[in-house]
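Please keep the sequence and the model in view while working through the numbered points.

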Amino acid sequence: TETEIMHTTQLIHTLQTIRHLTTKSIPQLSSRIIHATSPILHELSRGYFVPFLTVALACLGRIHVLLLRLGRELVGMLSQHVPKLRDCVADGGRSLIQLKEALAPFLTVNS
């Protein structure tokens, strides 16, 4: 039915988004943070703008930790649900309800 097609399309889109986050977005952001840290440390060693640079380094560190935690959570959730997804695909997609249940944590929005 149309509802099942819409749900399947939503599931595919969700999986693509999670894949993009875990393989491209988070590594790119993490790389940029690591790259930005070196010039800040260089300027800090020169002694100029020490309070500002100290705050900037602390912010970069916190953002980096949040990115790593986000990545860890995404990988953890995927590792829990990948076996269910494989079972759904193995039976030819007949268990769409099982697939929806497996991906339910990815489709919920926390407000």
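Which residues make up the largest nonpolar core? The points below begin with some conventions and then take up this question.

1. Conventions. This is a predicted model, in which local features need pLDDT of at least 70 and side-chain atom pairs count only at pLDDT 80 or more, while totals for chains, interfaces and linings use all residues. Residues are numbered from 1 along each chain as its sequence is written, and side-chain values use heavy atoms, with hydrogens and water left out.

2. The core. The largest nonpolar core consists of nine residues, namely Ile18, Ile26, Ile33, Ile40, Leu53, Ala56, Leu60, Leu67 and Leu74. A nonpolar core is a set of buried Ala, Val, Leu, Ile, Met, Phe, Trp, Tyr and Cys residues joined through side-chain atoms within 4.5 Å. Buried denotes under 20% relative accessible area, exposed over 50%, and partly exposed the range in between (1.4 Å probe, protein chains only). Helix H1 (2-46) and helix H2 (50-90) are the elements that give two or more residues to this core. The most comes from H2, with five residues.

3. Overall architecture. The chain has three helices and zero strands, and its elements run α-α-α from the N terminus on. Helices (H or I, at least four residues) and strands (E, at least two) are DSSP runs, numbered from the N terminus. Of the 111 residues, 22% count as buried. Among contacts (heavy atoms within 4.5 Å) in the chain with a separation of 6 or more, 61% are between residues 24 or more positions apart.

4. Serine 30 is found in helix H1 and is buried, with a relative accessible area of 12%. Leaving aside residues up to four places away in sequence, serine 30 touches His64 and Leu67; Leu67 is also listed in the core. Leucine 70 lies in helix H2 and is partly exposed at 40% relative accessibility. Leucine 70 and threonine 22 are 48 residues apart in sequence, yet their C-alpha atoms are 9.0 Å apart in space.

5. Salt bridges. How many salt bridges does the rule give? The count is two, where a salt bridge is a side-chain nitrogen of Lys or Arg within 4 Å of a carboxyl oxygen of Asp or Glu. Side chains of opposite charge can pair when their charged atoms come close. Glutamate 43 is partly exposed at 27% relative accessibility, and arginine 46 is partly exposed at 48%. The other bridge links arginine 72 with glutamate 73, whose closest N and O atoms are 4.0 Å apart. Here arginine 72 counts as exposed at 56% relative accessibility, whereas glutamate 73 is partly exposed at 46%.

6. The surface. The chain exposes about 8,300 Å², of which carbon and sulfur atoms supply 64%. Accessible areas come from the Shrake-Rupley method with a 1.4 Å probe; for residues, only the protein chains shown count as cover. Tyr48, Phe49 and Phe52 form a nonpolar surface patch with about 420 Å² of accessible area together. Patches are made of residues with over 30% relative accessible area and no salt bridge, like charges being joined within 9 Å and nonpolar side chains (Val, Leu, Ile, Met, Phe, Trp, Tyr) within 5 Å. Tyrosine 48 lies in the loop between H1 and H2 and is partly exposed at 48%.
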